[in-house]
Every structure is written in structure tokens, then in C-alpha cells.
Amino acid sequence: MSTPTSADVYQAIWENDSAPNGQLRNARAEELVAAAEQTADPEVVRTALFALIDSYEYSTESGKMLVPFARLLQEWDRDPSAFDASDTHRFHWRFKWVSTGMLDLPDIPLGSIEKWREEMERRYRVAGYTERAVRQSEYFFADETGDTERADRAFEAWCAAERDRMSDCHACELNAQGGHWARKGSHEKALQVWAPVLAGNLTCKEEPHRVLAKSLLPLVGLGRTDEARAHHLRGYRMARGDESLLRTIGQHIEFCALTGNEGRGLEILTEHAGQLGPLADVDAQLGLAGGALVLLGRLDELGHGDRPAATYQGTRHSVRQLYDQLYADATGIARRFDERNGNTVTSRRFADRLSRRPLLDALPLGVRPAGPAAPHPAARGAGVAATPGTAGDDASLAELITEARRLRGLGHPGSQAVWGRIGALADEQGQRPDPLLAAELLEHRALLEPAPEAFERVAAAYRAAGEPGRAAINELWAAVASAQEGAGAAVTAALLETAAASAEALNAQEPRRVRRIAAVGLARIRLDGALSPVEDSDIGPALESFVAAHLDDEGIAGDDVADLVADAETLLAQRAWASRDWQRADDLLAAAGERSLAAGQPWNAVDPLVRRARLQLMLGAPAEAERLARVALVHSAEVLDPAELGSTRLLLAEALYEQHGKEDEAAAYALQAAHWFDAADESAGAGAYARLILAQSYGETGRPAEAAEILESALPDLVEHGEEQAVRARETLGHQLRQLGDQRAAAEQYLLAADVAKSWEHVQPHARLATLAAECLAGAGLAEEAERAYGRALDLWREAGEVVPLARALRSLAWLKLRDDPSDSKALAEAETLMGEALEALAGDEPGLLLERARTWSQLAEATLNQLDEEDDAYGADDDGNQDPAGAEPVYGHPAAAAEHMRRVREAAVVLWEKAAQAYTVLGPELLRDRVQCVIRLAWTEKELGRRQDAGRRLRVIHRELTAASGEETSQLLRWVEAQLKQLE
């Protein structure tokens with residue numbers, strides 16, 4: 001094998017620098033040091049050693065950096081002059097890493113660490129650096145060893161010292177300074193310090209990743225839960241899989257454990273199970289294990305100790321087993337630090353962390369809940385809505401029974417929950433219920449698991465207790481349950497006849513007799529339609545008759561049947577909807593809702609209100625849909641069904657999303673909807689769609705990281721919702737990934753969506769997706785793949801007859817041809833051909849076509865001139881494009897020929913600029929900025945042709961026009977033109 005050259009090693013170092021952090025990158029860096037040594041070039045070796053230290057620093061093997069740094073230190077002490085300015089800076093910078101990094105190695109005595117820190121101080125002083133980095137290092141030393149007074153003094157000195165070239169990047173400094181206040185419990189102060197990093201104004205390789213994680217618990221503690229949610233979604237996405245950020249991963253896991261998101265926490269833990277230990281960086285191992293132990297302890301507390309958790313060192317562990325293993329490992333590490341430090345600070349801090357209690361019962365995050373772990377937070381924290389007027393927690397059994405019967409009489413959805421409390425309390429007190437209460441509790445259990453036999457037993461119990469009215473309704477429920485089980489028409493009909501006979505046989509003085517007969521009548525209509533041998537049996541006339549029979553002359557139903565009439569009207573509305581009679585459907589739903597409200601049953605008004613809102617949204621009236629959904633939300637205060645609560649919020653979210661400027665509020669309700677659907681065990685269905693609306697809303701409000709994280713969690717469900725929703729989901733995810741700069745991943749989503757859309761009747765969606773994929777492939781540097789995608793898109797746009805997107809795709813492809821070498825004659829010819837095809841496609845008088853032609857002329861002029869940028873250098877041209885006789889040998893032979901070529905190119909560009917400027921003038925003031933930009937480029941091109949006066953004249957014309965106009969944008973353009981005039985003159 002040949003000896004590598006210095007250039008080979010430099011190239012390999014550069015490539016390895018962009019590799020993912022971890023052992024593979026470290027191993028390659030070690031190989032490159034050996035390769036550098038073969039070159040016998042000290043500078044190459046030095047560069048390789050610096051690169052190896054960098055690799056170690058951003059991995060779990062940071063302790064290994066001591067060896068390569070010792071080599072650099074020896075070289076420096078032998079001959080500092082061998083280090084150039086850059087290497088001198090890098091040497092001192094890594095001295096800081098080494099002296100501080102020793103704190104993470106419990107096997108290095110404190111005395112040795114202190115000597116290194118003192119040596120760092122001496123060398124920094126000699127090099128002329130301020131005390132800032134030195135005092136920061138002292139602060140870390142004192143804080144790590146629990147010397148609070150020294151830490152406070154060092155902190156003040158650190159903050160007071162002047163920043164210089166040895167100071168940590170500002171983002172990293174604020175991370176540590178905010179952490180100082182957070183550890184003291186000053187969370188507001190910590191967040192103020194972190195604010196520039198959290199806002200993205202100060203960033204680096206590991207920020208804001210680390211600060212986002214550190215901010216989570218302080219934000220929750222201060223009640224700023226929306227920010228905490230956002231920071232988790234953004235921050236975990238940044239930190240996921242990064243070996244140098246295991247402490248940060250641990251903080252995200254802990255946040256999930258303490259906010260009712262144990263399933264999410266276990267998912268994160270599983271993703272990083274391979275890094276749980278043992279690690280060379282035991283401090284990072286301790287940080288990750290701390291968060292994991294908080295989670296595992298919480299899962300065990302919730303009764304999930306025997307559930308599978310994660311694989312550790314090749315063996316699958318249960319929650320409790322993994323807790324025991326990690327606890328033993330972590331406490332062992334903590335003891336090693338205690339022995340080194342001469343105190344119990346590390347063990348005490350670790351114990352404090354494990355003792356933390358949940359901060360919230362449930363904080364919805366928006367992401368789809370992971371597979372089986374703890375119950376989803378909604379099931380604990382939001383599964384039961386408040387029921388105004390119900391008995392308190394300390395109510396007696398008699399009080400609860402009275403309340404349950406009252407709520408049942410109202411048809412209140414909260415009655416079942418109270419019956420559940422009664423059963424539990426009776427069991428707890430060992431009381432034997434009387435026959436009536438026994439029947440009621442039997443009915444409660446039957447409603448939880450409906451079956452014909454169960455309801456028949458309830459009916460018999462009520463008859464034995466002297467309650468024929470309750471017996472009759474349970475006989476009706478037996479018939480309905482029979483139909484739902486598919487028992488057959490004859491069996492169901494017989495049960496229905498039994499219920500009807502029981503209802504008719506009730507004493508005329510029975511208060512509920514009319515209701516029982518009406519309930520059987522409506523059920524018969526429903527069941528006759530479902531069980532009829534005639535396909536599409538029309539139950540409309542029967543429903544009309546039912547409604548008419550139960551209304552008085554003023555159209556008012558009695559309170560005892562109002563809800564039944566409302567149900568019938570809702571069924572009629574569904575039929576009107578199916579026949580596209582929108583107005584009748586709306587009228588019937590409105591009547592049903594109003595009837596429920598008049599009867600004092602607002603919870604029954606929710607469904608018709610939601611249906612009305614859905615209808616208005618479908619008809620393109622989102623504002624009216626929003627109004628109706630808000631009314632439904634108010635009336636859902638006593639609804640307990642999580643699916644119904646989710647539906648109301650989802651509809652409101654959809655209505656808000658359809659109105660520009662309301663996306664933030666749409667996101668809030670979509671988040672709530674997803675939460676409730678999770679509680680209803682509908683995460684894969686309506687919950688996934690709610691997450692799609694949530695992701696789209698986040699995307700529209702500039703939160704692509706959160707949008708992508710949520711949508712990726714729901715994508716496996718959404719692709720099963722049918723082609724339209726699958727395409728919508730993938731396209732939305734593509735948009736978010738593109739915003740995040742992940743062009744390759746975005747292209748993949750667009751291509752997958754396009755593959756689904758290719759079978760659709762209309763080709764426009766396929767063409768649009770193919771174009772988006774091509775743009776992202778080009779952005780990812782995949783030129784060949786991008787060209788193929790553009791070719792596919794062009795064919796589709798031609799087939800669709802859409803000339804504007806066709807022209808835009810042609811222009812984009814033209815620029816792609818010129819990416820590698822704008823002066824390549826073949827590429828330029830291809831680009832000009834594509835631009836020409838775009839101009840041909842845009843023939844016509846419509847303003848939109850003229851605008852696209854102007855853009856094409858302008859871009860063609862740019863492409864034409866770009867070929868001269870490299871040629872000017874080759875010809876040795878000056879700023880005016882004049883040939884330097886002493887320049888390099890021109891491609892066009894004689895300098896005169898080269899100059900003539902440049903002139904022709906610029907003259908052609910002038911013609912194109914003039915066409916574009918004239919078109920922008922015709923198109924009016926809306927295109928003023930485009931016109932000004934075009935005129936400026938035209939003027940400079942004329943100046944390069946030696947026509948300064950003509951160039952100045954063009955700018956002065958537009959200057960006079962702008963001076964006479966008004967407006968902020970016009971003022972900006974005027975200043976721009978004035979600056980160009982000064983440069984030109």
C-alpha cells in the first residue's frame with residue numbers, strides 16, 4: 001500500500017470531521033493520526049492530533065483526549081514557534097477542554113486536576129488571555145466538588161471578566177450560567193439567562209440542544225407548559241442519537257416521566273438502550289441513567305414493573321430488572337466520584353434526582369403515544385370531565401345513590417361514573433345492597449359490557465324489585481344489543497316485541513310510560529331499517545311520523561321525549577345530508593340542538609352542533625363552522641366520552657386552520673383533540689388525523705421541528721387512512737423537513753407521495769409532488785436524481801396543460817444544468833434551450849404569462865452573464881471587463897477575440913434585461929421591486945460595456961420615479977438606487 005500524501009490525509013480529516021459523533025468517527029481519527037505520521041510532516045500530524053481530540057470530545061470517549069493532547073503539549077514546550085496562529089489558538093482552546101474534562105474522570109485525583117487548572121491559568125496569562133475561561137474552569141471544579149462558596153466566588157469572577165478568544169462560545173457560556181441559577185432554584189433567572197439560546201439567536205454545535213433540555217423542568221415548574229412541550233419536541237429531535245448528548249437525552253426522558261408521558265419516555269429510552277452502559281465516559285453514563293431511573297421508577301410505581309423495558313448488554317430486561325441493574329451501576333459510579341471528591345455530593349445529588357415526583361398528571365405532547373407502557377396520560381389526567389353538581393369525594397353511600405338516580409333521570413352522561421363509585425363504596429363497606437340497588441348496580445355493569453343476556457338479567461332483577469319501568473328499558477337494550485351482535489332479525493324482533501309489550505303494560509300513572517313507549521318506537525324504526533331484507537330500506541317516512549306524533553301544535557316536544565325527538569331529527573338530517581339537501585340537513589340539526597338545550601340537556605346538543613359545524617366547513621364557511629364548534633365546546637363541559645370530546649375539538653381546529661391567522665389556536669385545539677382520542681384508544685384513527693392538523697398548524701406558524709416530530713409519529717397510521725390523506729401527510733412532512741434543511745429526507749417524502757398520486761385521475765398533484773421532489777434532490781446535491789425528477793415533472797405539466805408550473809420547472813432545470821460550471825458551453829447551451837422552451841410555452845397576453853416571461857428573461861440574462869465570472873478571472877479582466885494583456889491565455893485564443901466574446905454576451909444580456917424591465921413596467925407597481933432590481937442589473941451590465949452614461953441615465957430615471965412615489969417599500973428601494981448611483985459614479 002502506498003504511503004499517503006499530506007493532501008490525502010487532509011482530505012480524509014476533513015471528511016471524517018463531518019461524520020456522526022461516536023466510536024466509528026474516533027476509530028477513523030486514530031487511523032488518520034497513524035497515516036499522518038507516515039507523511040513525516042509535523043503540520044499534518046498536528047492537524048490529525050487536533051482532529052482526534054475533537055472526535056473524542058464529542059463522544060463517550062472524551063477521557064482519551066489526554067493522550068493526543070500530551071503529545072501536542074510536549075511539542076509546544078519544545079518549540080512554540082512551530083505552531084502558527086491557528087494552531088496556537090487550537091492548542092490553548094483544547095487545554096481548556098482537557099483541564100475541565102478531567103472532572104468527568106473519577107480515577108484522576110483532585111490534586112492532579114487542580115494542578116492542570118493552575119497550569120492552564122499560568123499559560124493563559126502568558127498568552128495574554130483574560131481570566132474569563134480560567135474562572136469558568138474554577139467554577140466547574142468547585143461546583144463538581146460541592147464547594148458552594150468557592151463556586152459562587154468563581155461564578156462572579158467569571159461573569160465579570162472580559163470575554164476574549166478563549167471564552168467558550170456565548171451559547172455554551174449561557175448554558176452553564178443559566179444552569180448555575182437553575183441549581184439554586186432561581187428558575188426565572190435561569191430562563192432569562194438562557195433566553196438568547198432558546199430563541200436561536202446564539203447557537204453552536206451543541207446549542208440550543210442542551211439548553212432546550214435543561215429548560216424543561218423549570219418551565220413546567222413555572223407553569224409555562226406550552227414552552228416546555230415545544231422545547232421537548234425541538235430539543236429531542238436535535239439531540240436524538242448524538243453520543244455527545246447523552247446527559248441531554250436523560251433530561252428528556254426525565255421530563256417525560258414527570259409529566260405523564262411515560263410511554264414517550266420509554267420509547268426514547270429504547271432508542272438509546274445501547275448507550276446505557278457501561279461507557280468510557282462514566283459521567284455521561286450517570287446522566288443518562290439518572291433520567292432512565294426516574295422513568296423506570298415511575299413505571300414501576302404505576303404497576304408496570306414486569307413489562308418489557310429495553311435490552312441491556314444483550315439481554316431483554318423488564319422495567320424492574322432494568323431499574324435494579326441501572327441503579328447498581330449508577331450508584332457505583334456516584335461512589336467513585338464521592339471517593340475522589342472526599343464527600344458524598346455526587347451521591348446526594350443523584351439521590352435527589354431519583355426522588356423527584358411528577359410535576360403534572362398529564363402534559364399532552366402531540367406525538368403519538370408509544371406501544372404498551374404506562375396508561376396514556378389522558379386516561380389518568382383527562383379521562384373524566386368534571387360533573388357539576390355531583391356528590392363530593394366524602395359523600396355518603398346514601399348521598400351517592402340519590403345523586404346517581406337524579407343524574408340518570410336527567411340522562412346525564414356522568415351517572416355511570418357515580419354508579420361506579422357506589423359499587424366500589426358498597427364493596428369497601430361490606431354492605432349488602434337492597435334489591436333495587438342490586439338491580440341498579442347490575443345495570444351499571446351491563447352497560448359497561450353490553451350483551452342481551454346481561455340486560456335480560458337486569459330486567460328480571462328490576463321486576464323483582466318492583467320497578468317495571470326500568471325493566472322495560474333494559475328489555476329494549478337487550479334487543480338493541482342483540483342486533484349489534486348480529487343475532488338475526490327474528491331473535492331481535494322477538495326481543496323488541498317483548499320490550500314493546502312491557503312498555504305498553506306499564507301503569508298509566510307511571511311517569512315514564514310515554515317515554516318507554518316512544519323509546520321502543522324509535523328503536524323499532526332504527527332496527528327495522530338495519531334488519532330489513534330490503535336493501536336501502538327507507539325509514540324516512542317513519543321518522544317523520546315519529547317526530548310529528550310527539551310534537552304539540554307549536555312544534556314543542558314534551559320534556560320526557562325531547563331527546564328522542566332530537567335523535568329522530570338527527571337521523572333525518574343524516575338522510576338529507578346523504579341526498580345533498582344541505583339546507584334541510586342544517587335546519588333539522590339546528591332543531592335537534594335547540595330541542596336538547598330547551599330540555600336542559602346541553603350535552604345532547606353537542607352532536608347536532610358538531611354535525612352542523614362539519615356541514616358548514618364542507619360548504620366553505622369556516623367562520624360559521626368555528627362559531628358552531630365553539631358553542632358545541634361550551635355545551636360539552638359535562639360530556640365524558642373522550643371520543644366525543646376529541647371530535648368537538650378537532651372540528652374547531654379544522655375550522656380555525658382554514659382561516660388565515662388562526663393557526664396558533666388551531667394547533668391548541670388539535671393538540672387537545674389528539675389527547676382525547678388517545679384516551680379513547682383512537683390514536684390510529686381520529687387521533688392521527690388530529691396530529692396531521694396539529695402538524696400543519698405548527699408548520700404554518702414557523703415551528704417545523706415540532707411539526708415534523710409529531711407527524712413522523714403519526715405517519716404509519718396516516719398512510720393507512722386512504723390515498724388522499726397519505727399524500728397530504730407525506731407532503732406536509734416533506735415541507736417541514738425542507739424547512740429544517742433535510743432536503744434528502746424531504747425529497748423521499750415527496751417521491752413517496754408522488755408514487756401514490758400517480759394513479760389519480762388528475763395529474764396536477766403528481767406533477768406538483770414530482771417538482772417538489774426535484775427541487776429537494778437538487779438541494780441535496782443529487783443532480784442526476786434531480787434531473788430525472790424534473791423530467792418526470794415536465795412530462796406531467798405538459799400533460800396537464802399547465803404552462804406556468806411547466807415554465808418554472810424548465811427554469812429550475814436550466815439552473816441545475818449550470819450548477820457545476822456556469823461557463824461550460826454545453827451546459828449553457830442546454831440551459832438556454834430550456835429557457836427558450838419556457839418562453840415558448842408562456843406565449844400569450846395574460847398578465848400571469850407576461851410575469852413569467854419577465855422572470856424567464858431576467859434569469860436567462862443572469863445565466864448568460866454568469867459564464868463570464870470565471871472567464872473574467874481566466875482572462876485577467878478588471879472590474880470594467882477590460883482584458884489584461886498579462887492575464888492567462890484565454891480560451892478564445894487572442895485577447896481581442898475574448899473581449900469580443902464578452903461584449904456579445906453582455907449585449908445579449910442587456911436585451912434580455914430590457915425586455916424584463918419593460919414587462920415589469922407594464923405589470924404595474926406590484927412588481928416595482930422586481931423592476932428596480934432588473935434596472936440595476938441592466939445598468940451595471942451597461943457599465944461593464946463601458947457605457948457609464950447610459951447606465952447612470954437608467955438609474956436616474958428610476959430614481960426620479962421613486963422620489964415621486966411614497967411608501968415604506970418605495971423608500972427602501974430609493975435608498976438602494978441611490979447607493980447604486982454612488983458606486984456607479
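Student: So Ala, Val, Leu, Ile, Met, Phe, Trp, Tyr, Cys and Pro count as nonpolar, Asp, Glu, Lys and Arg as charged, and the others, Gly among them, as polar; what kind of model is this?

Tutor: The model is predicted, with local features needing pLDDT of at least 70 and side-chain atom pairs 80 or more, while totals for chains, interfaces and linings use all residues. Residues are numbered from 1 along each chain as its sequence is written, and side-chain values use heavy atoms, leaving out hydrogens and water.

Student: How many cavities of 30 Å³ or more turn up?

Tutor: One, from a search of the whole structure, where a cavity is a set of points on a 1 Å grid that a 1.4 Å probe fits but cannot leave.

Student: What lines the largest cavity?

Tutor: L276, Q285, L286, A289, Y312, L326, D329, A330 and I333 do, each with an atom within 4 Å of a point.

Student: And by class?

Tutor: That lining has seven nonpolar, one polar and one charged residues.

Student: Which element gives the most?

Tutor: Helix α17 does, with four residues, and the elements that give two or more are α16 (282-301) and α17 (319-341), helices being DSSP runs (H or I, at least four residues).

Student: Switching topic, how do α5 and α6 pack?

Tutor: Helix α5 (residues 85-101) and helix α6 (residues 110-127) pack at about 160 degrees, with axes 9 Å apart, so α5 is roughly antiparallel to α6, a term for angles over 145 degrees.

Student: Which residues of α5 meet α6?

Tutor: From α5, F91, H92, W93, F95, K96, V98 and S99 meet α6 residues including W116, R117 and Y124, with heavy atoms within 4.5 Å. By class, this contact has nine nonpolar, two polar and four charged residues.

Key
Axes fitted to C-alpha atoms, helices over the stretch in contact; angles between N-to-C directions. Parallel < 35°, antiparallel > 145°, perpendicular 65-115°, else oblique. Nonpolar A, V, L, I, M, F, W, Y, C, P; charged D, E, K, R; others polar. 1 Å grid on protein atoms, 1.4 Å probe; cavity = no way out; pocket = protein on both sides within 12 Å on 5 of 7 lines; lining within 4 Å. Points joined across faces, edges and corners; volume = space filled by probe spheres on them.
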